[in-house]
Amino acid sequence: MRKLSKRLVLFLVLAILPIIGCKNAFYEIDTEVELIDESNPPSFKITGNGRSPIFLVFGPYEGDYGKDGNPIPIWELDPTSHMGEIEVNRYSPFTYGQIPAGHLQKKPNGGLPPKLLEGKEYHFYVHVNSANGGGTCFRIQNQKAVKCQ
């Protein structure tokens, strides 16, 4: 009986170790976005384990984000097909106007993204697969990005 118990314990340890070692392998962590650099253009900290992120910036707004119902992004970055398995947190920090490796600018079609305007509000949203996306609202005030109230 004692020999069987040792084998059972050994089996359980060997079966559980790979699961413990696979950080976030069996559950999703929702995407969170935080404004970390108040300069213009702003930078954001992105956390979560969703994959194949699409980066979207909406605006400019006068302070009532969301009234448009289905706004069109002013800047959109889509992943290339070979970048689908990279977790979204690997793109942090993310800076407006800079295209990360493995992504292509979809909007605007050619050229630079629009300059962020003084007194206007914007929404940065990250859409991901395998977890919930996330975003944050910010505005340009005194030539700096600040979180919306």
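1. Let me start with strand S4 (residues 75-79): because four of its five residues are buried, this strand is largely enclosed by the rest of the structure. Buried here means under 20% relative accessible area, exposed means over 50%, and partly exposed is in between (1.4 Å probe, protein chains only). Strands (E, at least two residues) and helices (H or I, at least four) are DSSP runs, numbered from the N terminus.

2. A word on the source before going on: this is a predicted model, in which local features need pLDDT of at least 70 and side-chain atom pairs count only at pLDDT 80 or more, while totals for chains, interfaces and linings use all residues. Residues are numbered from 1 along each chain as its sequence is written, and side-chain values use heavy atoms, with hydrogens and water left out.

3. Now to the partners of S4. Two strands count as paired if DSSP finds at least two bridges between them. S4 pairs with strand S3 (residues 51-61) in the antiparallel sense, over three bridges, and with strand S6 (residues 103-107), again antiparallel, through four bridges. Glu76 is a handy residue to look at in both pairings: it is the bridge partner of Leu56, and it also stands opposite Lys107 in S6.

4. Thr80 counts as buried because its relative accessibility is 18%. Leaving aside neighbours within four places in sequence, Thr80 is in contact with Gly102, His103 and Leu104, where contact means heavy atoms within 4.5 Å. Thr80 and Ala101 are 21 residues apart along the chain, and their C-alpha atoms are separated by 9.2 Å.

5. The aromatic residues deserve a point of their own. A search of the whole structure finds nine aromatic pairs. Rings of Phe, Tyr and Trp (its six-membered ring) pair if their centres lie within 6.5 Å; planes under 30 degrees apart are stacked, over 60 edge-to-face, and the rest tilted. One of these pairs is Phe55 with Tyr91, edge-to-face at 5.5 Å centre to centre and 70 degrees between the planes. Phe55 lies in strand S3 and Tyr91 in the loop between S4 and strand S5 (94-95), so this pair ties together parts that are 36 residues apart in sequence. Phe55 and Tyr91 are both buried.

6. Phe55 has another ring partner: with Phe94 it forms a stacked pair, 4.4 Å centre to centre and 25 degrees between the planes. That pair links distant parts of the chain, with Phe55 in strand S3 and Phe94 in strand S5, 39 residues apart. Phe94 is buried, as is Phe55. Ring pairs link Phe55, Tyr91 and Phe94 into a cluster that also includes Phe44, Trp75, Tyr96, Tyr122, Phe124 and Phe138.

7. For the cysteines, the structure holds one disulfide, defined as a pair of cysteine sulfur atoms within 2.5 Å. Cys137 and Cys148 form it, with their sulfur atoms 2.1 Å apart. The link is left-handed, with -60 degrees about the S-S bond. Cys137 lies in strand S8 (residues 134-141) and Cys148 in the segment after strand S9 (144-147), so the pair ties together parts that are eleven residues apart in sequence. Both Cys137 and Cys148 are buried.

8. Finally, Asn129 belongs to strand S7 (residues 121-129). Asn129 is partly exposed, with a relative accessible area of 43%. Not counting residues up to four places away in sequence, Asn129 touches Gly50, Arg51 and Ser52. Gly50 is 79 residues from Asn129 in sequence, yet 5.5 Å from it in space, C-alpha to C-alpha.
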